[in-house]
Amino acid sequence: MQKVYLDNAATTPIRQEVIAEMISVMQSDYGNPSSTHSIGRSAKAVIETSRKTIAKYLHCNAQEIIFTSSATEATNWILRSAVKDFGVKRIITSKQEHHATLYTVQALQEEFGIQVDFLKTLPDGSLDYNQLSDFLSADIKTIVSLMHVNNETGVVHNLEKIGVLCHQNKALFHCDTVQSIGKTELDLQQLPIDFLVASAHKFHGPKGIGFAFVRKNLVLQPMFFGGEQEKGWRAGTESVHQIAGMAKALQLSYDNLANERDYITDLKNYCFDRLSEAFPAVKQNGTDTFYNILNVLLPFSPEKTTMILFNLDMKGIAVSRGSACQSGSIKPSHVLAEMLSEEDLKKPSLRISFSHFNTKTEIDYLVKVLKEI
Ligand code: PLP
């Protein structure tokens, strides 16, 4: 059966060059990076070269990049340390954040009794920046945690604006850039961001590896205790091959960005045009969306809603209804719940997310199968 993978916001296939790089590191650089002999030093060199590569593409210092097992881990660590060690008494976030942020904030609220303020999501998926400005005018030690690109709708938030507001009001800014790293340029010399988190498997790298950017002079406390790895902030023997794979994946993403972005933008437009021809009442959820995510509300009856993902799966098509972690769940998406009317929420919304590996033929197949449902 034909397999069509249109769920690239959930995870991406690994590039062949990344796999080759990881195999080479596993074969040759098997030393423990903490060992002082040459085999250990060679593994350490792989890690430090990878760190420099990542820093180069993000325009920051290599020392500001800390490797973690995932973006979820990085977010947990940063927010917890902000509350415990920086004396943060309030978190401003929004209900459209990934659960990695939402559930961490909830746990910190329960544990430390901090104040949590949620910014309003407007019906087009954007955030209310005036409300952010109002919230920030209160004199209370704050960290703002807002994402760059929403993983369900693709709505892009204005990092420059949020960062400037935060810094004018002496608040820290943590940003979940999981969906945008490797897919758009981010210049950390210009952007007023204190912390960001990323995950390799979203940019054609391996799973189980990510990183945090922690701006110079911000000293976090460790989440784990043990060895001296990662400045003592993240103890545990480093996963050398995954780190090397992540750096290679980021390098390839940025080296090919211009071409791949054009190609994917064209695919997304093609997909929406074909869907509009087939279902004239189709609507896109969210405006100002990122070029690789298309979230559409299909004019199907509510009875078809529960069956739609199953039917697509039976035909070999992988798309998503909500965020990856919710696929298969019968709960409505917590992001769409913030944006859509009760009535629209009952209709099927599909998240179709693209990569440069997709083709127009695959999109024709998706539309054909949807028409048959
Ligand atoms: N943040 C966003 C926006 C995501 O899309 C995801 C992954 O689904 C995460 C965080 C979690 O990333 P990880 O898989 O590295 O824990």
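Colleague: Where is Gln115 placed?

Modeller: Gln115 is in strand 4, which covers residues 115–119. Keep in mind that this is a predicted model.

Colleague: Is Gln115 buried, exposed or partly exposed, and why?

Modeller: Gln115 counts as partly exposed because its relative accessibility is 35%. Buried would mean under 20%, and exposed over 50%.

Colleague: How far apart are Gln115 and Val105 in space?

Modeller: They are 9.8 Å apart, C-alpha to C-alpha, with a separation of 10 residues in sequence.

Colleague: On to the ligand. Which residues are around the ligand?

Modeller: Among them are Ser70, Thr72, His98, Asn151, Gln179 and His201. The shell divides into 3 nonpolar, 7 polar and 2 charged residues.

Colleague: Which N or O side-chain distances to the ligand do you have for His98 and His201?

Modeller: The side chain of His98 has an N or O atom 3.2 Å from a ligand oxygen. For the side chain of His201, the distance to a ligand oxygen is 2.9 Å. Gln179 also places a polar side-chain atom 2.9 Å from an oxygen atom of the ligand.

Colleague: And how much of the ligand does the protein bury?

Modeller: The protein buries 90% of the 390 Å² that the ligand exposes when taken alone.

Colleague: New topic, the core. How many residues has the largest nonpolar core?

Modeller: It has 84 residues, and those with the most contacts inside it include Leu58, Phe211 and Ile352. Helix 7, residues 240–255, gives the most to this core, with 9 residues.

Colleague: Which domains does this core draw on?

Modeller: It takes at least three residues from each of domain 1 (4–13 + 257–372) and domain 2 (16–255).

Definitions and conventions: Residues numbered from 1 in each chain as written. Predicted model: local features only at pLDDT ≥ 70, side-chain atom pairs only at ≥ 80, totals over all residues. Heavy atoms only, no water. Near = heavy atom within 4 Å. Polar contact = N/O pair within 3.5 Å; in protein donor to acceptor, adjacent residues only side chain to side chain. Areas by Shrake-Rupley, 256 points an atom, 1.4 Å probe, with all protein chains shown as cover. Nonpolar A, V, L, I, M, F, W, Y, C, P; charged D, E, K, R; others polar. Core = buried A, V, L, I, M, F, W, Y, C linked by side-chain atoms within 4.5 Å. Buried < 20%, exposed > 50% of the residue type's maximum accessible area, 1.4 Å probe, protein only. Helix = DSSP H or I, 4+ residues; strand = E, 2+ residues; numbered from the N terminus. Domains from an automatic or database assignment.
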